[in-house]
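Please keep the sequence and the coordinates open while reading.

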Amino acid sequence: MGLYTLTANALMSILLGKSSLRNSTIGNDRIPNEFKRRVYASISESLKRDYIPRYVRVNYNKTTVDSVIEQFKSEGYKYLEKIKVSQFKQSLKPKSKVFCTDEHLPEVLVFPPQTDFHLHDLYTSGSIILQDKASCFPAAILSPPQDSIVIDACAAPGNKTSHLSMLMKNTGSIIACDLDNYRLSTLVKQTGIAGCTNIDARNISFLDIDPESDFGKSVTHILLDPSCSGSGMVNKLEQLVDSFIQICNFHY
């Protein structure tokens with residue numbers, strides 16, 4: 001059993017309240033108490049960190065940034081102009097009624113942590129999308145122009161797909177591929193609410209598309225952002241692996 005797999009099993013056992021591992025090479029199949037302590041300390045430290053702001057992507061297929069800003073202002077929110085998000089974060093209090101425009105993505109608005117828009121009419125109508133900033137970068141960087149033919153290779157649940165549609169101004173065609181039919185049905189529903197009319201959802205692997213076919217040759221862009229890639233988690237896991245090796249006296 002590899003160290004990463006062994007560490008993952010240890011973490012899962014701790015979270016499930018178990019004290020032993022199956023098929024492990026640790027003496028007596030026991031998870032060391034010191035490793036448990038470090039896991040709990042890591043979780044506790046994470047909870048103490050500053051909360052992540054609420055990022056809201058304005059959906060140009062339904063509305064404009066200016067219209068959304070004006071609506072939030074009419075609801076008592078204070079719009080902070082010409083301020084960097086880093087400065088905005090320093091003075092944030094959870095659920096306070098202030099917001100600003102993201103300094104890197106003009107279609108993204110930034111609100112305090114714990115701001116909840118799940119029942120807001122802008123969200124239920126598809127005018128805004130609740131999407132983490134990091135998730136907005138792939139489509140923004142690809143930035144396909146109008147009338148492009150795009151393959152969204154691992155498309156579900158659809159936030160990036162609707163972002164592509166918005167950037168393309170609902171023109172051209174987006175072939176949204178996903179092997180999970182249930183997740184794909186979520187994509188169809190969510191992109192429908194978002195007013196996307198240029199999406200062709202397919203329950204296939206994008207690898208099944210023949211690049212030498214007439215369609216394959218017509219493709220101008222592809223967005224590949226694999227699901228469950230674990231982005232942002234690698235360093236944390238590596239730290240826990242190092243801890244596991246140290247405590248259990250493993251050697252490479």
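Helices (H or I, at least four residues) and strands (E, at least two) are DSSP runs, numbered from the N terminus.

This is a predicted model, in which local features need pLDDT of at least 70 and side-chain atom pairs count only at pLDDT 80 or more, while totals for chains, interfaces and linings use all residues. Residues are numbered from 1 along each chain as its sequence is written, and side-chain values use heavy atoms, with hydrogens and water left out.

pLDDT is the predictor's confidence in each residue, on a scale from 0 to 100. Its mean over the protein chain is 80, with 66% of the residues at 70 or more. Residues 19–29 stay under 50 in pLDDT, and the model gives this stretch 24 contacts beyond four places in sequence; a contact means heavy atoms within 4.5 Å. Residues 228–238 are also below 50, with seven contacts beyond near neighbours in sequence.

The protein chain has ten helices and nine strands. Of its 252 residues, 39% are buried, where buried means under 20% relative accessible area, exposed over 50% and partly exposed in between (1.4 Å probe, protein chains only). Among contacts between residues at least 6 apart in sequence, 65% join residues at least 24 apart.

Strand S7 comprises residues 173–177 and is joined to S8 by four bridges in the parallel sense. One of the bridge pairs links Ala176 to Ala201 in S8. S6 and S7 also run parallel and are joined by four bridges, and here Val150 has Ile174 in S7 as its bridge partner. Four of the five residues of S7 are buried, so the strand is mostly covered.

Next comes the annotated site. An unreviewed UniProt entry gives the annotation "binding site" to Cys154, Ala155, Ala156, Pro157, Gly158, Asn159, Lys160, Asp178 and Asp225. UniProt positions are given in the numbering used here, feature names are shortened, and annotations may be inferred rather than shown by experiment. Although these residues span 72 residues in sequence, no two of their C-alpha atoms are more than 13.4 Å apart, so they gather at one spot.

Pro157 is in the loop between S6 and helix H7 (159–167) and is partly exposed, at 40% relative accessible area. Not counting residues up to four places away in sequence, Pro157 touches Arg183, Thr186, Leu187 and Gln190.

Asp225 lies in the loop between S9 and helix H10 (234–248). Its relative accessibility of 26% makes Asp225 partly exposed as well. Leaving aside neighbours within four places in sequence, the contacts of Asp225 are Pro138, Cys154 and Lys160. The side chains of Asp225 and Lys160 make a polar contact at 3.0 Å. A polar contact is a pair of N or O atoms within 3.5 Å; within protein, one must be able to donate a hydrogen and the other to accept it, and residues adjacent in sequence count only if both atoms are side-chain atoms.

Technical notes. Pairing = 2+ DSSP bridges.
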